[in-house]
Amino acid sequence: MLVAHVLARHLDSVTVVERDTLPDHPAHRKGLPQGRHVHVLWSGGARLVEGLLPGVIDRVLGAGGRRVGFQKDVVTLTAHGWQHRFPARQFAIMCGRPLLDRVVRDRVLTSDRIRLRQRTEAVALVGDSVRVSGVEVYSLENGTRETLEADLVVDATGRRSGLRRWLSALGLPPVEVDIVDAGIAYSTREFVAPPGATGGFPAVNVAADHRTGQPGRFGVLFPQEGGRWMATLSCTRGGKLPTRSESFLPCAQSLPDPLLARLIGSVEPLTDVFVSHIGANRRLYPERLNRWPDGLIIVGDSLAAFNPIHGHGMSAAARGAVVLDKWLTEGDLGPGAAHRTQQAISAVVDDPWIMATSKDLEYVGCRNESTDPRLNQEVSYTHQFAELIARKSIRSQAVSDVATDVASMSVSQVELGASRFLLLMQQAKELPELLQAPLRPDELAIANLE
Ligand SMILES: Cc1cc2nc3c(=O)[nH]c(=O)nc-3n(C[C@H](O)[C@H](O)[C@H](O)COP(=O)(O)OP(=O)(O)OC[C@H]3O[C@@H](n4cnc5c(N)ncnc54)[C@H](O)[C@@H]3O)c2cc1C
């Protein structure tokens, strides 16, 4: 939708080809299975979305979404202990994915330059290795095939994109792909939140301890619009996840801390569990091809998809849309322009890529099928430094601020190597270790935990 909006700003006519029927209210749909699990839009991405669609974040908040301040509004257990709830430096928009999508879609599709073709599947690219001139589509309504001609085709079909196959059919060499797969799986269940435990209630995040040599196990509880709590349990390869309702609570009880289990233990479930195995990091490298057809761009998960635990996918997709906007504003539409733009889009997914993959490699059984040299070298120094940052950031506001800037995709992770940050690491004052979850008495009372 962000890309459709950008294209409509610069071009006469935009056709969105979508396999699903898009619901006219916030609802789950087949083509977006991940929408049933917790989603946050980090501040880095939220600012980009707001820049493209002014007012849209307020509409999400008006419809029940929340602006959650990090670390003030979050109770987090890291591998190194409980995180102090420092005053918020960054934020995330927290709501159900169907709500976010609905608000964005409502806004984007008001443009009379955009035509939506629902129940229509993109099945091939049309053109040759020099220039893509359209898409072949298949109608799920009446089983017919048709060619849609276009000056520019953008593939935003997500993790399961057929792009590599489609490009081979045009006679292009295979696009290189890296996969780093920690075997992430998600299991989610929704609950009725106790009265007053959505608006001001903190999000809860129990992270895995990757140092144990055991599969990583995580749990989060995010207050949602409509008086709901959404709890997601996840694990890396070899870990056990609840696939049935009755095993959800016992599994939450066996997390590194029982807080999440205590919270959901006495509330009424709204749904059964929903399980997904879609968490591998996968990145295509179109920029490495010597030849790239004019008239073709890839964005979003189709280009690079990450372990969702970091919550970076939507922000990375927004970054791609912003680069595309800049390209079209500059009006550089000549030969080779699509390749140059693709290079720029590929560059802005590098931060989330390296953050997710380097962390995932620490988990037992992680499959590394990558050529990225940073993921295939002796990483002990970088690893130790990342551990030091993680340890300090839970007790030092100054370190936490910079780490949160990076995690929220508000600044580049290059900042963590800057001399001012190294100095800050040396001088940062640390608060005492927290021995229990930093929930305030009023929060404990709301959740019936006092
Ligand atoms: C469990 C989980 C949790 C996540 N949590 C977060 C989070 O907290 N924060 C965050 O930022 N990101 C999160 N993500 C990542 C986020 O969901 C994706 O990065 C984001 O949806 C990517 O957007 P996209 O438009 O590229 O692809 P998608 O959102 O996957 O959209 C692809 C669209 O293309 C359609 N489609 C697919 N193939 C075709 C075809 N051949 N023809 C026509 N239509 C087609 C689909 O129906 C769909 O509408 C999470 C992902 C997972 C798996």
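Helices α12 and α14 are oblique to each other. The model in which they are seen is a predicted one. The axes of α12 (residues 380-393) and α14 (residues 419-427) come within 11 Å and cross at roughly 55°. This crossing is left-handed. On the side of α12 the contact is formed by F385, L388, I389 and K392, and on the side of α14 by F421, L422 and M425. Sorted by class, the contact of α12 with α14 comprises 6 nonpolar residues, no polar ones and 1 charged residue.

A second pair of helices brings together α1 (residues 2-10) and α9 (residues 313-330), whose axes lie 9 Å apart at an angle of about 10°. Angles under 35 degrees count as roughly parallel, and α1 and α9 are therefore roughly parallel to each other. From α1, the residues L2, V3, V6, L7, R9 and H10 take part in the contact, and from α9 the residues A318, A321, L324, D325, L328 and T329. By class, the contact of α1 with α9 has 8 nonpolar, 2 polar and 2 charged residues.

**A buried helix**

How many of the 11 residues of helix α13 (residues 397-407) are buried? The number is 8, so α13 is largely enclosed by the rest of the structure. The buried residues of α13 are V399, S400, D401, V402, A403, T404, D405 and V406. Their cover includes the strands β3 (66-70) and β6 (90-94) together with the helices α11 (350-360), α12 and α14.

After α13 comes M409, with a positive phi near 60°. M409 is placed in the loop between α13 and α14, and at 5% relative accessibility it counts as buried. N448 likewise has a positive phi, of about 55°, although it is not a glycine. N448 is found in the segment after α15 (441-446) and is exposed, with a relative accessible area of 53%.

**Loops and cysteines**

The peptide bond from F70 to Q71 is cis, with omega near 10°. Q71 has its place in the loop between β3 and β4 (74-78).

L22 lies in the loop between β1 (14-17) and β2 (40-42). With a relative accessibility of 13%, L22 counts as buried. Leaving aside neighbours within four places in sequence, L22 is in contact with M1, R29, R105, L116 and Q118. L22 and D101 are 79 residues apart in sequence, and their C-alpha atoms are 9.8 Å apart in space.

The count of disulfides is 0. C235 is in no disulfide, and the nearest cysteine sulfur, that of C251, is 7.5 Å away. A disulfide requires a pair of cysteine sulfur atoms within 2.5 Å. C251 is in no disulfide either, the nearest cysteine sulfur being that of C235. C235 counts as buried, and so does C251.

The relative accessibility of several residues discussed above is gathered here.

| Residue | Relative accessibility | Class |
|---|---|---|
| C235 | 2% | buried |
| M409 | 5% | buried |
| C251 | 12% | buried |
| L22 | 13% | buried |
| N448 | 53% | exposed |

Notes:
Residues are numbered from 1 along each chain as its sequence is written. This is a predicted model: local features need pLDDT of at least 70, side-chain atom pairs count only at pLDDT 80 or more; totals for chains, interfaces and linings use all residues. Side-chain values use heavy atoms; hydrogens and water are left out. Buried means under 20% relative accessible area, exposed over 50%, partly exposed in between (1.4 Å probe, protein chains only). Axes are lines fitted to C-alpha atoms, for helices over the stretch in contact, and angles run from 0 to 180 degrees between N-to-C directions. Helices (H or I, at least four residues) and strands (E, at least two) are DSSP runs, numbered from the N terminus. Angles under 35 degrees count as roughly parallel, over 145 as roughly antiparallel, 65 to 115 as roughly perpendicular and the rest as oblique. A crossing is left-handed if the near helix is turned anticlockwise from the far one by less than a right angle, and right-handed if clockwise. Contact means heavy atoms within 4.5 Å. Ala, Val, Leu, Ile, Met, Phe, Trp, Tyr, Cys and Pro count as nonpolar, Asp, Glu, Lys and Arg as charged, and the others, Gly among them, as polar.
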